Amino acid sequence: MNHLQSLDYVIFFIYLIGVSAYGYWVYHRKMYHQQKAGAMDSKDFFLAEGSLTWWAIGASLIASNISAEHFIGMSGSGFALGLAISSYEWMAAATLIIVAIFFIPIYLKNKIFTMPQFLSKRYNDTVATLMAIFWLLVYVFVNLTSIIYLGALAINSISGISFEWCMIGLGVFSIVVTLGGMKVIGYTDVIQVLVLIMGGLVTCYLALTLVSEKFGYGSDILKGLSVIKDKAPTHFHMIFDKASPHYKDLPGLSVLIGGMWINNLNYWGCNQYITQRALGADLNTARKGILFAAFLKLLIPLIVVIPGIAMYVMYQNGMFQPEMTDANGIIKPDHSYPTLMNLLPNGLKGLAFAALTAAIVASLAGKANSISTIFSLDIYKKFFNKNASEKKLVLTGRITVIVAMVLACLVAPALRNLDQAYQFIQEYVGFISPGVLSIFLLGFFWKRTTSAAALTSAILTIPLSTVLKFLPGWTNGAFPDFPFMDRMTIVFVFLMLLMVVMSLADNKSKNNPQLVVIDKTMFRTSPGFIVGSVIIIGILAALYSVFY
């Protein structure tokens with residue numbers, strides 16, 4: 001295997017030093033202004049209140065979202081499933097528009113800084129604390145751990161650096177970026193996104209030229225795209241029918257009208273490390289940033305899915321047989337992206353390596369900041385030190401970042417049996433999505449929703465999802481084996497109905513004092529936002545009509 005050469009390391013270290021220097025400059029510029037205004041407060045550290053521009057918010061949203069599970073896992077799903085896996089990205093673009101119109105205004109109007117704070121304001125401290133603890137566990141032991149594991153695995157396969165040192169390096173770099181606060185994260189994310197898009201496009205270009213050359217067309221990327229479409233026609237269907245072997249992964253129209261919406265609305269609208277980017281801005285700036293992120297989302301399949309499909313075509317035609325299989329001869333789809341990166345020429349390989357590292361570090365930093373935000377504001381201040389000073393909260397947040405990263409690095413090696421990591425993560429995160437989304441939606445838009453109903457939904461979402469997943473095995477197939485997206489839909493509908501029934505049965509719900517403030521005028525959008533949204537929806541409609 002060809003590892004990084006001197007020129008690759010030079011380019012990588014230019015990226016590393018550039019990001020660090022820029023972050024250092026942003027941090028010290030911020031500290032200079034704060035020395036005039038007073039010490040850094042918690043809102044500035046956790047939210048960069050009022051200081052992120054729309055383009056920084058949009059870039060940071062994407063940088064926090066895109067990580068190793070996309071470059072490695074989604075590319076692997078492109079190899080195994082094809083273009084249909086792009087639904088996660090393209091439907092997310094539509095979801096972001098809904099979040100910008102309906103979700104963000106409610107958070108900003110009610111001065112919400114954390115998701116548990118919303119639950120406390122709308123329901124009670126029991127619901128808020130339960131979900132805060134649950135989110136912390138998921139963010140540390142699922143999100144951080146899986147990103148560090150997949151990131152270290154990819155970097156190890158490309159650079160030859162040991163897996164353990166890759167984990168340590170990612171953890172340390174991410175901690176350095178995170179300790180500067182949300183403003184440093186937000187503005188360094190702009191560089192991270194530029195690097196990851198450039199590096200991703202380089203890898204996509206290589207994949208398509210390799211296919212074009214393999215079939216005698218020279219280095220022509222358009223011919224390469226035409227070839228993979230001709231050679232793998234089943235990999236260019238966006239909607240699978242029930243006869244497809246991949247129906248359970250992406251069950252037909254559920255990606256358009258079912259479980260995909262539950263997954264995306266929960267992720268983009270009720271998720272601390274996503275919404276946090278917009279919570280410190282004014283509504284107009286936040287909406288512009290979210291719309292910018294929606295446009296960027298349209299590009300992601302080109303960067304990660306197309307290379308996976310190209311690798312599938314090459315593998316089917318006799319190329320890269322050893323690289324795409326393990327010691328037992330089993331095909332490993334998640335080897336697609338690292339294999340392509342190892343084929344890049346010196347220099348470009350360094351750029352792609354920097355892009356992968358940028359995606360991993362940006363995502364780790366964003367999640368670590370959100371972990372520290374929830375712990376400091378919703379656990380530490382509420383239960384351990386109600387009178388904590390702003391300085392103490394910031395210090396607690398920084399300590400939390402370090403502890404969370406160390407825990408994730410210790411647990412990460414236990415994930416060595418992951419395969420098609422992207423689908424694995426999506427399925428098991430889907431165990432909680434129905435409950436969380438039902439709590440938020442009814443909390444937003446139905447005044448009678450009670451705390452008892454919300455608490456019941458929070459408690460039942462995992463048991464119900466577990467039963468529906470494993471019941472077919474327990475009953476020897478007598479019970480339907482639902483695709484996980486359909487399972488999410490069933491659990492979501494059940495929990496929504498249960499919450500409605502419980503709330504209606506509680507006569508006190510008519511006089512529920514804990515309500516969020518909603519002013520219908522805040523759902524109005526600017527003409528520019530409407531035009532941008534129409535363009536995005538038009539592009540999505542065209543894509544699905546072409547590749548249906």
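At what angle do the axes of helix α8 and helix α17 cross? In this predicted model, the crossing is at roughly 55°. The two axes come within 9 Å. Helix α8 covers residues 163-178, and helix α17 covers residues 348-384. At that angle, α8 is oblique to α17. The crossing is right-handed.

The structure holds two.

| Salt bridge | N to O distance |
|---|---|
| E89 and K297 | 2.4 Å |
| D125 and K382 | 3.5 Å |

E89 is buried, at 1% relative accessible area. K297 is buried too, with a relative accessibility of 1%.

The D125 and K382 side chains form the other bridge. D125 is partly exposed, with a relative accessible area of 41%. K382 is partly exposed as well, at 21% relative accessibility.

**A buried arginine**

R122 belongs to helix α6 (residues 115-122). Which side chain of opposite charge is nearest to R122? That is D506, 11 Å away. R122 is buried yet has no salt bridge. What does the R122 side chain reach at 3.3 Å? There it meets the backbone oxygen of K447. The R122 side chain also reaches the backbone oxygen of T449, at 3.2 Å.

Methods
Residues numbered from 1 in each chain as written. Predicted model: local features only at pLDDT ≥ 70, side-chain atom pairs only at ≥ 80, totals over all residues. Heavy atoms only, no water. Helix = DSSP H or I, 4+ residues; strand = E, 2+ residues; numbered from the N terminus. Buried < 20%, exposed > 50% of the residue type's maximum accessible area, 1.4 Å probe, protein only. Lys, Arg positive; Asp, Glu negative; His and termini not counted. Salt bridge = Lys/Arg side-chain N within 4 Å of Asp/Glu carboxyl O. Polar contact = N/O pair within 3.5 Å; in protein donor to acceptor, adjacent residues only side chain to side chain. Axes fitted to C-alpha atoms, helices over the stretch in contact; angles between N-to-C directions. Parallel < 35°, antiparallel > 145°, perpendicular 65-115°, else oblique. Left-handed = near helix turned anticlockwise from the far one by under 90°.
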